[in-house]
Amino acid sequence: MAPVTIVTGGSRGIGAATVRRLAAAGHDIALCYRADTDAATAVLRDVHAAGRQGIAVPADTTDPDQVADLFDAAAALGPLTGLVNNAGVTSTIGPFVDLTLADLRRVVDVNLIGYILCAQHAARRMTSGGAIVNVSSAAATLGSPGEYIHYAAAKAATDTLTIGLSKELGPHGIRVNAVSPGLIDTEIHALSGAPDRATRLAPGVPLGRPGQPDEVAAAIAWLLGPDASYTTGAILRVAGGR
Ligand code: NAP
């Protein structure tokens, strides 16, 4: 039976690259997205073109009812074997003192609470084992001063979540790992008000360039797959040395 994997935020950026890579590796995929239906439809078309089953579900990962609907919809593909907790947001780049309460709550809601809600559903449904990959960030150890310290703190919480879940779910045959991307060339930077951020900061990256979404997707796919069968609780940095 083919692996069945849910990818949150699978319509754009790292999530879309992950969906395409997993479909090519033989996964059936349920992807969720929040708003951009055209982007989600385009990714779904590629899943079908790869000969895999797929569905695209509009679901905000911060809403418990929508998350439940996502997991119910994915059940039509077969027993769940994988979850990629990827849907994440920053807020507008700026000094810590100017951070609004609404932005703070949204960043914690999406990057932490949304991950926990999805992991809970996955843990309940993976009765024959499985694998979860949480997409964290190199920000968790860099701290993101002057940009979004609250986002970095939420990603550090993702790392702790990964370690705790790996220990609690390991005895149930569920592996839990994280990938920590560095500067990756996606639309997340434009959404934070700095479209040129990845290229502007590239000279500070030891490898001298931003990463591409598929370079992160490769690490996610490895952690989900059988070659990582003894890997759990790992936080794999994919950040060009940053
Ligand atoms: P992106 O290009 O902005 O894509 C974000 C994706 O998440 C979109 O599919 C978006 O769907 C979806 N999404 C956002 N909020 C959602 C919600 N509440 N519920 C469901 N879906 C939601 O972002 P990205 O750069 O690929 O980032 C993906 C992950 O990598 C995030 O966790 C991010 O924190 C992490 N990361 C990124 C970088 C980087 O440099 N790009 C670095 C480190 C870590 P809609 O378009 O429909 O809103």
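## Around the ligand

A polar side-chain atom of K155 lies 2.9 Å from an oxygen atom of the ligand, and a polar side-chain atom of H189 lies 3.2 Å from an oxygen atom of the ligand. From the backbone, a polar atom of G9 is 3.3 Å from a ligand oxygen atom. A polar contact is a pair of N or O atoms within 3.5 Å; within protein, one must be able to donate a hydrogen and the other to accept it, and residues adjacent in sequence count only if both atoms are side-chain atoms. In total, 33 residues surround the ligand, where a residue is near a molecule if one of its heavy atoms lies within 4 Å of it. The closest are S11, R12, A35, Y151 and T186.

This is a predicted model, in which local features need pLDDT of at least 70 and side-chain atom pairs count only at pLDDT 80 or more, while totals for chains, interfaces and linings use all residues. Residues are numbered from 1 along each chain as its sequence is written, and side-chain values use heavy atoms, with hydrogens and water left out.

Helices (H or I, at least four residues) and strands (E, at least two) are DSSP runs, numbered from the N terminus. Strand β2 covers residues 28-33, and six of its six residues are buried, so the strand is largely enclosed by the rest of the structure. Buried means under 20% relative accessible area, exposed over 50%, and partly exposed in between (1.4 Å probe, protein chains only). Both faces of β2 are covered: D28, A30 and C32 are buried on one side, and I29, L31 and Y33 on the other.

Two strands pair if DSSP finds at least two bridges between them. Strand β1 (residues 4-8) runs parallel to β2 and is joined to it by five bridges, with T8 opposite C32. Between these strands the chain passes through helix α1 (residues 13-24), and this β-α-β crossover is right-handed. That term applies if, with the strands pointing away from the viewer, the path from the first strand over the helix to the second runs clockwise.

Strand β3 (residues 54-58) also pairs with β2 in the parallel sense, over five bridges. Here L31 stands opposite A56. Together, β2, helix α2 (residues 37-49) and β3 make a right-handed β-α-β unit.

## Nonpolar cores

A nonpolar core is a set of buried Ala, Val, Leu, Ile, Met, Phe, Trp, Tyr and Cys residues joined through side-chain atoms within 4.5 Å. The largest core has 50 residues, and I6, F71, L83, I132, V179 and I220 touch the most other members. Helix α9 (residues 213-224) supplies its largest share, six residues. A second, separate core of six residues includes V107, Y148, A152 and A154.

## Two single residues

S144 sits in the loop between α5 (139-142) and α6 (149-169). Its relative accessibility is 7%, so S144 counts as buried.

A102, in helix α4 (residues 101-125), is exposed, with a relative accessible area of 58%. The C-alpha atoms of A102 and C118 are separated by 22 Å, and these residues are 16 apart along the chain.
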